[in-house]
Amino acid sequence: MTDHDHPAGRRAVCHRRRCAALIAAGVLLPLPALAGCSEDAREASVAASQDIAPAPRSALKNGGTLRWAVDAMPGTLNAFQSDADATTARIAGAVLPSMFTIDASGRPQRNADYLDAADISTRDPKQVVTYKINPKARWSNGTAVTAADFIAQWTALRGKDNAYWTARNAGYDRIGKVEQGANAHEVKVTFARPYADWRSLFTPLYPKSVMGSPNAFNEGAREQLKVGAGPFLVQKRDTEEGRVILVRNARWWGEPAKLKRIVLQSLPGDKRAAALAEGSVDVAAVDQIAAKRVASARRPASSGSPRTPAVGNAGPQSNGNRAGAKAAAAENSALRGYTIRKALEPAYTQLALNGSSGPLADDRVRRAVARALDRQALADTVLKPLDLPSKPLGSHLLMAGQYGYADHSDALGEQDAGAAKALLADAGWKSDGADHQQAGEKAGAPAPDGYPDEDGDEPSDERYAGDRYDESDESDEDRPDGDSDDRNPARAGRGLAGAPGRGDRPAAAEAPLSFTGAVGSEVQQSALLRQSASFYKQAAASEKADADGDTGSAAYAKYKRYKMRAAEALGAAELIETGQGPQLPGSGGHPGARHAAVERAADAAAAPRPADGKTSRIAAVKKNGKPLTLRFVLPDGAGSEQLRTVGRRIASMLGKIGVQTSLQRVSDASYFQDHIAGGDYDLALYSWPGTAYPATDARPIYAKPQPAPDGSLTVEQNYTRVGTDHIDQLFDQAASELDEGAAHTLVAQADARIWAAAGSIPLYQRPELVATKKSLANVGAFGFATPRFQDIGYQK
């Protein structure tokens with residue numbers, strides 16, 4: 001997971017602001033609202049949404065330190081300021097009161113540690129919510145948690161005093177007054193306007209000492225939290241070491257924390273694999289590459305160490321290789337102490353279509369793009385190798401497994417290339433000639449980008465699974481160029497090394513992460529790479545002989561190409577085996593970049609090709625003689641390889657309806673701020689988090705952009721610039737509807753309208769991969785559920 005493709009990681013954190021690591025949840029709905037969703041199906045989906053190694057408190061040791069990797073040091077410890085981030089949210093969850101927590105199915109639950117009761121006590125003429133505070137609840141300075149703290153927080157966040165530098169005021173601005181009830185432990189909140197998402201308020205709750213004055217709010221809680229009321233307290237914020245230390249709260253009245261300390265260590269994603277290999281962290285969210293290293297290392301020694309040279313490669317080793325093998329063995333020993341927790345993260349990746357200008361300003365073109373997508377194939381690309389449910393997400397507002405989830409994608413329509421072409425034609429984008437094929441290429445054969453023709457089929461699961469490709473039912477004459485195995489080495493190593501040519505799948509798509517069996521293990525990858533290198537060498541020798549010294553011949557060109565691929569395959573194999581081997585050309589010498597050359601070639605394969613009857617596969621649609629070309633902006637960082645793989649697949653799908661795409665890689669630092677937020681893209685991939693309160697939190701993401709007095713466009717968080725007045729009205733009505741069933745209906749209607757507008761196309765829920773020490777319990781891939789920090793610990 002990377003922040004630059006996750007706007008949530010950059011959003012302001014407010015009353016219950018859901019940023020990347022702030023646990024989101026679902027709308028509280030009555031059972032009848034779950035139309036078309038059986039209880040068994042929901043429970044199965046919820047099970048896929050959490051993996052934390054649950055254990056009773058009695059099975060855990062008392063004491064111990066947990067070292068938890070976080071993306072960065074917190075920008076502030078005040079979760080209601082604009083520079084609050086995921087680390088701020090995690091700290092707040094451990095050290096401050098939460099009136100409501102979230103369960104695994106995404107439903108808000110009253111937190112009995114802080115509240116004895118919380119209900120709507122009056123609906124007419126005004127909505128009144130009465131909170132009864134647990135009398136045992138105390139701040140760490142010994143004072144009780146009382147109505148005064150609620151009043152101070154409302155005063156600071158209501159938006160009436162500009163001296164408070166608040167991120168936003170949603171929900172608090174609907175409150176008319178907050179006052180003490182029968183005693184200091186009873187709070188009455190009277191709303192000036194009805195508010196369905198009232199459970200989101202006063203979480204986290206800060207003491208009056210923080211909220212009581214603008215200076216304390218703005219500056220006092222940025223660097224330190226002197227007072228808390230959770231199972232842990234902030235002991236130290238160590239900027240030099242890049243860590244925040246939390247310790248047990250001696251005044252905590254609930255079940256005591258099992259751990260003695262939690263150390264939140266700032267550790268960028270690209271350094272986590274090394275930290276795991278060193279054993280210097282206990283819990284870390286990781287990408288698929290790091291997760292695979294852990295999974296491979298955990299295999300029994302009898303199956304072969306993933307860093308052991310492949311069979312048939314035994315022989316004298318250089319001192320460097322021996323040293324590398326020794327280091328790799330030590331690394332594997334450390335990695336075997338971890339396990340990978342995996343679940344569906346309460347966040348989804350979408351294809352964003354910028355509707356502010358250009359061809360995508362026409363809703364017919366947007367819908368055509370959307371209906372060209374095989375969302376199932378895209379979900380399979382990311383989730384199936386992880387053995388996670390790979391059904392495409394059908395809602396912008398609720399996640400799979402969340403209470404009340406329903407699929408509304410039929411408001412747009414299913415994948416249909418014919419319907420997509422008809423929409424383009426209706427918008428004036430038409431093909432001016434027949435589709436073309438490359439000379440000697442058969443319909444259905446893989447395209448240069450590695451994916452099949454419009455008239456062909458993708459390889460079935462039986463023939464393509466992980467890094468295997470079963471050619472038992474394919475004859476020589478069915479292969480591109482009519483080559484047999486001994487003349488077309490790409491068929492043996494099929495995309496595992498080298499740039500994709502005709503008949504090759506890109507390596508990024510060909511070798512997905514696998515946690516099951518030996519297929520995808522590094523041992524087998526190494527063997528296959530060496531086998532591929534051997535075939536390439538044989539083919540190179542054959543082509544060189546055919547060339548007979550003619551350096552300008554086609555045979556000589558093939559010789560050069562096969563020789564390069566042999567070197568690349570051999571280098572990648574040695575890298576896998578020793579960690580010290582040569583890199584692929586152009587990879588910059590970094591072990592994590594060994595597919596860089598392959599990725600660049602895959603990008604080139606997905607780039608637009610002219611309709612000249614020789615190299616084009618599908619004739620481009622044109623309007624006024626100009627082809628429809630969309631600029632697809634993608635992040636360039638090592639942690640975004642998965643996004644780029646998905647982007648290339650989308651480019652291939654759009655090519656089948658005559659829409660060309662120009663893939664543009666940009667730096668991680670500029671991806672979100674300069675391109676997504678700045679509107680400098682046609683197509684882009686980024687993620688949004690799920691939320692318990694879509695009527696409040698999702699509204700700014702889909703609100704219709706409004707002209708500002710200076711002529712600019714105020715888009716809030718709607719970076720696609722696509723919205724309607726009707727969608728806005730439905731959100732407003734849902735936020736004010738106190739009948740939960742009716743509110744759910746309004747949210748569902750809003751989601752259907754968002755689908756129909758085709759500015760944002762949900763693709764799949766993101767995988768959540770967390771490496772944890774095997775001895776840890778009640779921590780890992782939390783999914784929707786709010787962590788119970790006091791229950792995290794080491795097993796006895």
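A crossing of two helices is called right-handed if the near helix is turned clockwise from the far one by less than a right angle, and left-handed if it is turned anticlockwise. The exercises below apply this and related terms to a predicted model.

**Exercise 1.** Determine how helix α10 packs against helix α17, and which residues make the contact.

*Solution.* 
Step 1. Two packed helices are described by the angle between their axes and the distance between the axes. For α10 (residues 375-383) and α17 (residues 641-655), the angle is about 155° and the axes are 10 Å apart.
Step 2. Angles over 145 degrees count as roughly antiparallel. The angle therefore makes α10 roughly antiparallel to α17.
Step 3. With the definition above, the passage of α10 across α17 is classed as a right-handed crossing.
Step 4. On the α10 side, the contact is made by A377, L378, T381 and V382. On the α17 side, Q642, T645, V646, R649, I650 and M653 take part.
Step 5. Sorted by class, the contact of α10 with α17 comprises six nonpolar, three polar and one charged residues.

**Exercise 2.** Carry out the analysis for helices α9 and α11, and state the hand of their crossing.

*Solution.* 
Step 1. The axes of α9 (residues 363-371) and α11 (residues 417-426) come within 8 Å and cross at roughly 165°.
Step 2. The two helices are therefore roughly antiparallel to each other.
Step 3. The crossing of α9 past α11 is left-handed.
Step 4. In α9, the residues R364, V365, R367, A368 and R371 meet A417, A419, A420, L423, L424 and D426 of α11.
Step 5. By class, seven nonpolar and four charged residues form the contact of α9 with α11, with no polar residue.

**Exercise 3.** Describe the geometry and setting of the aromatic pair F100 and W198.

*Solution.* 

**Exercise 4.** Classify the aromatic pair W252 and W253, and state whether its members are buried or exposed.

*Solution.* 
Step 1. The ring centres of W252 and W253 are 4.6 Å apart, with 40° between the planes.
Step 2. The pair W252 and W253 is tilted.
Step 3. W252 and W253 are both buried.

Technical notes. Residues numbered from 1 in each chain as written. Predicted model: local features only at pLDDT ≥ 70, side-chain atom pairs only at ≥ 80, totals over all residues. Heavy atoms only, no water. Axes fitted to C-alpha atoms, helices over the stretch in contact; angles between N-to-C directions. Helix = DSSP H or I, 4+ residues; strand = E, 2+ residues; numbered from the N terminus. Parallel < 35°, antiparallel > 145°, perpendicular 65-115°, else oblique. Contact = heavy atoms within 4.5 Å. Nonpolar A, V, L, I, M, F, W, Y, C, P; charged D, E, K, R; others polar. Phe/Tyr/Trp six-rings, centres within 6.5 Å; stacked < 30°, edge-to-face > 60°. Buried < 20%, exposed > 50% of the residue type's maximum accessible area, 1.4 Å probe, protein only.
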